Amino acid sequence: MSTCPPYAPFFGFAGVASSMIFSTVGAAYGTSKAGIGIAGLGSFKPELIMRSLIPVVMSGIIAVYGLVVSVLISGGVKANDYTLAAGFIHLGAGLACGMTGVSAGYAIGLVGDSCVRAFVHESRVFVTMVLVLIFAEVLGLYGLIVALIMNTKALETKC
């Protein structure tokens, strides 16, 4: 049996899809949840809207992580010289980035919504909000780093 089956690229492209889809779902959830809080804040203090957009921007960065991993994985998928091991490694890399993107987007959305609503009543919450949002964003960054390491390992596999 050959070590480079013709169906191996399927798993690589499944990693591409899972990276993009899941990280984008996380970013969309974070954006929508934080946007709901911003809409509530805007009716009371419209002058605070621009400072409250930080969770929305941080949610968008989660989608960029998924895009970067997807581009890197798809660049490593070759039709003739692609092992099954590389396909599974790329699938794992895509899932790592995508699932951490979902968790980071969820955390950013919840923190963004709660802290933006609290920001209406107490301005000192802003610094705490930014710090907690950074910790939530790092969840997605960890997935990006793991996916980059896995992508490097997949490039080392040969038929």
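Helices, as I use the word, are DSSP runs of H or I with at least four residues, strands are runs of E with at least two, and both are numbered from the N terminus. One caution before the details: this is a predicted model, in which local features need pLDDT of at least 70 and side-chain atom pairs count only at pLDDT 80 or more, whereas totals for chains, interfaces and linings use all residues. Residues are numbered from 1 along each chain as its sequence is written, and side-chain values use heavy atoms, with hydrogens and water left out.

Let me begin with the charges. Side chains of opposite charge can pair when their charged atoms come close. My criterion for a salt bridge is a side-chain nitrogen of Lys or Arg within 4 Å of a carboxyl oxygen of Asp or Glu, and a search of the whole structure on that basis returns three of them.

In one of these, Lys-33 pairs with Asp-113, with the closest N and O atoms 4.0 Å apart. This pair connects distant parts of the chain, since Lys-33 sits in helix α1 (residues 8–44) and Asp-113 in helix α3 (residues 84–119), 80 residues apart. For accessibility, I call a residue buried under 20% relative accessible area, exposed over 50%, and partly exposed in between, using a 1.4 Å probe and protein chains only. By that scale Lys-33 is partly exposed at 24%, while Asp-113 is buried at 10%.

Asp-113 also forms a salt bridge with Arg-117, at 2.8 Å from N to O. Why are these two separated by about one helical turn? Because Asp-113 and Arg-117 are four residues apart in helix α3. Arg-117 is partly exposed, with a relative accessible area of 39%.

The side chains of Glu-122 and Arg-124 form another salt bridge, at 3.1 Å from N to O; here Glu-122 is partly exposed at 32%, and Arg-124 is exposed at 66%. Through salt bridges that share partners, Lys-33, Asp-113 and Arg-117 are joined into one network.

What else does Asp-113 touch, beyond its neighbours within four places in sequence? Taking contact to mean heavy atoms within 4.5 Å, Asp-113 is in contact with Lys-33, Ala-34, Ile-36 and Gly-37.

That brings me to the packing of the helices. Two packed helices are described by the angle between their axes and the distance between the axes. The axes are lines fitted to C-alpha atoms, for helices over the stretch in contact, and the angles run from 0 to 180 degrees between N-to-C directions. Angles under 35 degrees count as roughly parallel, over 145 as roughly antiparallel, 65 to 115 as roughly perpendicular, and the rest as oblique.

Helices α1 and α3 pack at an angle of about 0°, with their axes 7 Å apart, which means that α1 is roughly parallel to α3. Sorted by class, this contact has 20 nonpolar, 16 polar and three charged residues, where Ala, Val, Leu, Ile, Met, Phe, Trp, Tyr, Cys and Pro count as nonpolar, Asp, Glu, Lys and Arg as charged, and the others, Gly among them, as polar.

For α2 and α3, the axes come within 9 Å and cross at roughly 175°, so α2 is roughly antiparallel to α3. This contact has eleven nonpolar, seven polar and no charged residues. The residues that meet include Met-58, Ser-59, Ile-62 and Tyr-65 in α2, and His-90, Cys-97, Ala-104 and Ile-108 in α3.

Ser-59 deserves a separate word. Ser-59 belongs to helix α2 (residues 54–76) and is buried, at 0% relative accessibility. Leaving aside its neighbours within four places in sequence, Ser-59 is in contact with Ala-27, Gly-30, Thr-31 and Ile-108.

With a disulfide taken as a pair of cysteine sulfur atoms within 2.5 Å, the search of the whole structure finds zero; Cys-97 is buried at 1%, and Cys-115 is buried at 15%. Finally, Gly-35 lies in helix α1 and is partly exposed, with a relative accessible area of 30%, and its C-alpha is 8.2 Å from that of Leu-53, with Gly-35 and Leu-53 being 18 residues apart in sequence.
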